[in-house]
Amino acid sequence: MQYMLIFTEPTEVFARREDPAEAPAYWGAWSAYMGSIAQAGIMVNGDGLHPPHTATTVRVRNGKRDVQDGPYADVKEQLGGYVVIEVPGLDAALDWAAKSPSALYGSVEVRPVLPPPAR
Amino acid sequence: MNEGDAQQAAETAARGSYGRLLSLIARSTRDIAAAEDALAEAFARALSVWPERGVPDNPEAWLLTAARRSAGHVRRHLGVRDAAAPALEQVYEAMHARPSPDFPDERLKLMFVCAHPAIDESVRTPLMLQTILGLDAARIARAFLVEASAMSQRLVRAKSKIRDAGVAFEVPEPGDLAERLEDVLAAIYAAYTLGWDDVPGEARAGDALTGEAIFLAGLVVQLLPDEPEAKGLLALMLASEARAKARRTADGTYVPLMAQDVQLWDGAMMAQSEAALRAAAALRRPGRFQTEAAIQSLHNQSVMLGDVPARALLHLYDVLVRQSPAIGAAVARAVAYGEHAGAEDGLARLDEISPDRVARYQPYWAARFHLLQAAGRRKEAASAHAKALELTRDPALVAFLRSRLSKAD
């Protein structure tokens, strides 16, 4: 089965990415983690995302487009990246989620990916 | 065998085979709801036919054949709801390829699915009661004091999560087993304590599921014979259940432990409890349920001998609060200290519990009332008493608490 691991990080953690003192450890942890997923041969795809302040949110209501600066919800933890992995079941997906850097300071939501519609 | 016994034997057999077959069919598809649909008619038929005609020699084979027949029927008439049909067929063929169909028991895997950490804690026990024992949602809802529709909805949601999120039908790896087993045992114990206002001294209200809980614990013991905590849980529930008849008078009045008529205790059940506890201890891995069972065993012996080994009892309570974070354990310990080391000592231990954890916890206020009264602090006792009454649902327990206050006046 395929699962998306959705990594959310507290707002202040996004600042570490740019901080000269903290950035090496931050990126080091992530590349080690993504490397281990690739090495296990379970990677389907995945990306890191620019911080939430770069987000733009769009809604169309009554045919009118409403564009707003910022992420869809102003909450303490924000989406930082995701990865889709192919593993036998939920337990394996949870194990991989627990190994991620953001499990330690943020959280990881695990969702099964819908299979393509049967024809 | 009289009629009641025949009914009982048929129900026990039907429940046993139902869970075995359901777990076998649901294992490959992870689709519990579909497996339930496939078995529902056959199970209902078994419950009505077996008490009259007797339990068949191979109850699983009987149920499977009946389910296969009704699945074919449903397919022809509706053309839908047969998501489990291929699995049903597969199990049927596998079983009939053997000279004597001996059904593998996959119920343990199903129990681990029901109590999986990804399943909301409040629905684990209902899920287990429904899938392993075939209890219907309305019966479960009554025991949990919720609307039948609300209970059905929770169960349906949990089953689709299991199917869609890919919760595997597996016994956890040895490294995870102890932790995951704790969840299974906690879900079973929750079925047992349902409707108890677990005052140290015990009372029970409503539609109890104690027999069901004991059956489930026995099943875990049988399928995981090397796990001492499963044996501990079984011993704990048996030790308490053995006193069931002595807990109320004929008119329903609650009788505290020390005043119970030992003649009304179930000696065979108590012996089973002791045997389970000894077998658990022999495995030399202590745990919360074993300690609680040891405490119950000591209580039972104290009442029979008329003498409480206070030091041993207090020691067990000290061990218990280190093993179990439950408030019930901390309150019971305070009561034991109050009884054997003085009321003020007990009160001091009640004060160690953080106030926000006990604001709505009836046993805490009942214990507090009891200890304050024993310490002669009557004004404070009265206000604790009012609080305890306010939080009590069970009328027999309300009557008991009232009588305690009037005695003090």
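Axes here are lines fitted to C-alpha atoms, for helices over the stretch in contact, and angles run from 0 to 180 degrees between N-to-C directions. The model is a predicted one, where local features need pLDDT of at least 70 and side-chain atom pairs count only at pLDDT 80 or more, while totals for chains, interfaces and linings use all residues. Residues are numbered from 1 along each chain as its sequence is written, and chains are lettered from A and ligands numbered from 1 in the order in which they are written.

**Figure 1. Helices H5 and H6 of chain B pack against each other.** Helices (H or I, at least four residues) and strands (E, at least two) are DSSP runs, numbered from the N terminus. Two packed helices are described by the angle between their axes and the distance between the axes. For H5 (residues 107-114) and H6 (residues 121-133) of chain B, the angle is about 155° and the axes are 9 Å apart. H5(B) is therefore roughly antiparallel to H6(B); angles under 35 degrees count as roughly parallel, over 145 as roughly antiparallel, 65 to 115 as roughly perpendicular and the rest as oblique. Look for B:Arg107, B:Leu110, B:Met111 and B:Cys114 in H5(B), which meet B:Arg124, B:Leu127, B:Met128, B:Thr131 and B:Ile132 in H6(B). The residues of this contact divide into six nonpolar, one polar and two charged. Here Ala, Val, Leu, Ile, Met, Phe, Trp, Tyr, Cys and Pro count as nonpolar, Asp, Glu, Lys and Arg as charged, and the others, Gly among them, as polar.

**Figure 2. Helices H14 and H15 of chain B form another packed pair.** The axes of H14 (residues 310-323) and H15 (residues 327-341) come within 9 Å and cross at roughly 160°. That makes H14(B) roughly antiparallel to H15(B), and the crossing of H14(B) and H15(B) is left-handed. Residues of H14(B) in this contact include B:Leu313, B:Tyr317 and B:Leu320, and among their partners in H15(B) are B:Ala329, B:Arg333 and B:Tyr337. By class, the contact of H14(B) with H15(B) has 12 nonpolar, one polar and one charged residues.

**Figure 3. B:Leu39 belongs to the largest nonpolar core.** A nonpolar core is a set of buried Ala, Val, Leu, Ile, Met, Phe, Trp, Tyr and Cys residues joined through C-beta atoms within 7 Å. A residue is buried if 20 or more other C-beta atoms lie within 10 Å of its own, exposed if 12 or fewer, and partly exposed in between, with C-beta atoms placed from the backbone. This core has 126 residues, and those that touch the most other members are B:Ile25, B:Leu39, B:Leu63, B:Met111, B:Ile188, B:Ala217 and B:Leu233. Not counting residues up to four places away in sequence, B:Leu39 touches B:Tyr18, B:Leu21, B:Leu22, B:Leu63 and B:Ala67. Two residues are in contact if their C-beta atoms, placed from the backbone, lie within 7 Å.

**Figure 4. Helix H3 of chain A is covered by elements of chain A and by H8 of chain B.** The buried residues of H3 (residues 90-99) are A:Leu90, A:Asp91, A:Ala93, A:Leu94, A:Trp96 and A:Ala97. Their cover includes strands E1, E5 and E6 and helices H2 and H4 of chain A, together with H8 of chain B. Between the two chains, six residues of chain A are in contact with six residues of chain B. On the chain A side, these residues divide into four nonpolar, one polar and one charged.

**Figure 5. A:Asn62 and B:Leu145 sit in loops of their chains.** A:Asn62 is in the loop between strand E3 (56-61) and strand E4 (64-69) of chain A, and its phi is near 50°, a positive value in a residue other than glycine. A:Asn62 is exposed because 5 C-beta neighbours lie inside 10 Å. In chain B, the loop between helix H7 (137-144) and helix H8 (148-165) holds B:Leu145, with phi near 55°. B:Leu145 has 12 other C-beta atoms within 10 Å, so B:Leu145 is exposed too.

**Figure 6. A:Asp47 lies in strand E2 of chain A.** The strand covers residues 43-48. A:Asp47 counts as exposed because it has 8 C-beta neighbours inside 10 Å. Leaving aside neighbours within four places in sequence, A:Asp47 is in contact with A:Gly81 and A:Tyr82.

Technical notes: A crossing is left-handed if the near helix is turned anticlockwise from the far one by less than a right angle, and right-handed if clockwise.
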